[in-house]
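Subject: Structure handover

Hello,

Here is the structure for you to pick up. My notes follow below it.

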Amino acid sequence: MNKSTLLLAASLLPILSACNALAPKTPDSPVTSAPPAAWVDEARQVAASVPPKLMAVLMTEIQQGGPAHAIGICQTEAPKMARAASEATGWQIRRVSLGNRNPKAVPDAWERATLQEFDRQQAAGADVAKLERAEVVTENGQQVKRYMRALPVQAACLQCHGSADKLGPGVAARLNELYPQDKGTGYLLGQIRGALTLRQNIQ
Ligand code: HEC
């Protein structure tokens with residue numbers, strides 16, 4: 001390549017990346033602009049499969065025994081389902097939140113930054129159902145695939161995560177018993193309650 005083609009290539013670069021930014025995005029395209037690697041699609045599918053299963057269990061329990069009863073079920077079933085999904089898929093899976101209810105659901109630095117970015121995007125009017133982030137990060141010399149998907153507050157969540165007037169009967173008292181440090185109430189419809197977070201080491 002001679003000098004002029006090099007120059008040409010350099011001057012084309014910004015134009016090409018601008019085109020890339022303008023390219024139509026698939027509904028599920030990640031927050032990052034790089035084309036999704038195969039592992040991102042895999043993580044996305046795993047992340048999409050877990051929350052509906054948990055909500056189905058919770059909704060059945062709410063119908064049978066009310067929301068205050070279902071809180072205890074969520075406490076035992078949510079970690080169990082995350083563990084089962086982890087064993088079935090090879091991804092470490094958990095839930096985290098900036099306003100965590102379970103004392104263990106505290107985000108690490110990468111997760112915290114991502115949740116803050118999700119909140120910013122939500123406030124700016126983004127479609128909350130599509131907020132996600134995928135990135136390969138290096139932690140202590142180990143490359144790790146990391147993926148997060150936002151869990152927005154839907155109407156059904158308010159009876160256990162909403163403001164005091166929206167909580168179901170007996171919920172506040174039960175939460176007080178099981179989670180004396182609870183920060184997981186006071187949320188409004190459409191806000192980001194937390195996220196599902198997946199990680200897997202690259203061999
Ligand atoms: C029946 C009550 C109930 C309903 C309904 C409910 N949750 Fe929760 N949620 C809980 C409980 C209890 C925990 C703590 C579980 C634990 O100890 O791991 C929790 C934890 C979470 C967490 C994990 C982070 C944390 O704070 O510990 C997220 C994220 C979350 N809920 C999102 C949602 C979303 C989104 C919805 C609606 C789609 C929802 N929840 C509906 C009771 C509920």
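Which strands does helix H4 lie across, and at what angle does it run to E3? Helix H4 (residues 109-123) lies across E1, E2, E3 and E4, at about 35 degrees to E3. Axes are lines fitted to C-alpha atoms, for helices over the stretch in contact, and angles run from 0 to 180 degrees between N-to-C directions.

Ground rules. This is a predicted model, where local features need pLDDT of at least 70 and side-chain atom pairs count only at pLDDT 80 or more, while totals for chains, interfaces and linings use all residues. Residues are numbered from 1 along each chain as its sequence is written, and side-chain values use heavy atoms, with hydrogens and water left out.

Overall layout. The protein has six helices and four strands. Helices (H or I, at least four residues) and strands (E, at least two) are DSSP runs, numbered from the N terminus. In order from the N terminus, the elements read α-α-α-β-α-β-β-α-α-β. Of the 203 residues, 37% are buried, meaning under 20% relative accessible area, with exposed over 50% and partly exposed in between (1.4 Å probe, protein chains only). Among contacts (heavy atoms within 4.5 Å) with a separation of 6 or more, 67% join residues 24 or more positions apart.

The sheet. Four strands form an open sheet in the order E1-E4-E3-E2, with antiparallel pairing. Two strands pair if DSSP finds at least two bridges between them. Strand E1 (92-96) and strand E2 (132-139) are the edges, each pairing on one side only. Neighbouring strands are turned by 25 degrees against each other on average, direction ignored. H2 packs on this sheet too, touching E1, E2, E3 and E4. The direction of H2 makes about 40 degrees with that of E3.

Eight bridges join E2 to strand E3 (residues 142-152), and the two run antiparallel. Glu132 has Arg149 of E3 as its bridge partner. Glu139 is bridged to Gln142 of E3. Two residues sit between the strands, and Asn140 takes a positive phi near 50 degrees.

The cores. A nonpolar core is a set of buried Ala, Val, Leu, Ile, Met, Phe, Trp, Tyr and Cys residues joined through side-chain atoms within 4.5 Å. The largest one has 13 residues. Those with the most contacts inside this core include Trp39, Trp91, Ile93 and Leu198. Helix H2 (38-65) and strand E4 (192-201) each supply at least two of its residues. H2 gives the most, with six. Apart from this core lies another, of 12 residues, among them Val96, Leu115, Met148 and Ile192. In soluble globular proteins, nonpolar side chains tend to be buried together.

- A polar backbone atom of Arg101, at 2.6 Å.
- A backbone N or O atom of Asn102, at 2.9 Å.
- An N or O atom in the side chain of Arg193, at 2.6 Å.

Best wishes

Terms used: A polar contact is a pair of N or O atoms within 3.5 Å; within protein, one must be able to donate a hydrogen and the other to accept it, and residues adjacent in sequence count only if both atoms are side-chain atoms.
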